[in-house]
Amino acid sequence: MPPDGHRSHLKLLAGLTFSAVGDVLLLKDDNKLLIGGGATFALAHCFYTWAFGFKPLNLRAAGVIALVVGLGWIFLSMCSKIWQMLLLCCYCILIGIMSWRANAEATNLLCFQVPHDRLIVMSTYYAAQLFITFGTVRDNQRKSD
């Protein structure tokens, strides 16, 4: 059985891999692979959450993030179709849980255009990936010391 830090690195690697696959699926501007891309991102967030663990619990942070996620979902649901709302609800819950556990991001392209949206989204996305990786590696180094 590998040590806990090693298993955490494998979970993080799986999350990064699924995120990269999601990026590839969403490279085209059409929506043909939107569900597949969203599903791989959902798996990535599940692996990130698993790597972060649930200790300490910090229910106050969970409440704040749940409020923000809920308000974001209400806003996004005003300009989405029913199937988009359902997928969005699932995705928002996963993002909220991961954010709660990491103490992180969301954007929307369904309602309006944001100037320089790709630059903003991708730069913050990869910065978040980088900080997730650094944070997990740092925590594992502390645990092994």
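If residues up to four places away in sequence are not counted, Thr40 touches Phe18, Val21, Gly22 and Leu25.

Asp23, for its part, sits in helix H1, which covers residues 4-25. With a relative accessible area of 15%, Asp23 is buried as well. When its neighbours within four places in sequence are left aside, the contacts of Asp23 are Phe41, Met122, Tyr125 and Tyr126.

## Arg101 and its surroundings

Arg101 is part of helix H4, and with a relative accessibility of 10% this arginine counts as buried. What does Arg101 touch, not counting residues up to four places away in sequence? The residues in question are Thr49, Phe52, Gly53, Phe54, Lys55, Pro56 and Leu57. For Pro56, the separation can be given in two ways: Pro56 and Arg101 are 45 residues apart along the chain, while their C-alpha atoms are separated by 9.0 Å.

Leu26, Leu34, Ile35, Ile82, Trp83, Leu86 and Leu87 together make a nonpolar surface patch of about 650 Å². Two elements give two or more residues to this patch, namely helix H2 (34-52) and helix H4 (82-102). Of these, H4 provides the largest share of the patch, with four residues.

Ile82 is one of the residues that make the patch, and its place is in helix H4. Is Ile82 buried or exposed? The relative accessible area of Ile82 is 59%, so this isoleucine is exposed, since the word applies to values over 50%.

A disulfide is a covalent bond between the sulfur atoms of two cysteines. Cys89 is partly exposed, with a relative accessible area of 26%.

## The chain as a whole

The secondary structure of the chain consists of five helices and zero strands, and, read along the sequence, the chain follows the pattern α-α-α-α-α. The chain has 145 residues, of which 30% count as buried. Its accessible surface comes to about 9800 Å², and 72% of that surface belongs to carbon and sulfur atoms.

The mean pLDDT of the chain is 75, and 80% of its residues reach 70 or more. In which helix is confidence lowest, and in which is it highest? The lowest confidence is found in helix H5 (residues 117-144), with a mean of 73, whereas the highest is found in H2, with a mean of 86. Where pLDDT is low, the predicted coordinates should not be read in detail.

Notes. Residues numbered from 1 in each chain as written. Predicted model: local features only at pLDDT ≥ 70, side-chain atom pairs only at ≥ 80, totals over all residues. Heavy atoms only, no water. Patch = residues over 30% accessible without salt bridge, like charges linked within 9 Å, V, L, I, M, F, W, Y side chains within 5 Å. Areas by Shrake-Rupley, 256 points an atom, 1.4 Å probe, with all protein chains shown as cover. Salt bridge = Lys/Arg side-chain N within 4 Å of Asp/Glu carboxyl O. Buried < 20%, exposed > 50% of the residue type's maximum accessible area, 1.4 Å probe, protein only. Contact = heavy atoms within 4.5 Å. pLDDT = per-residue confidence, 0-100.
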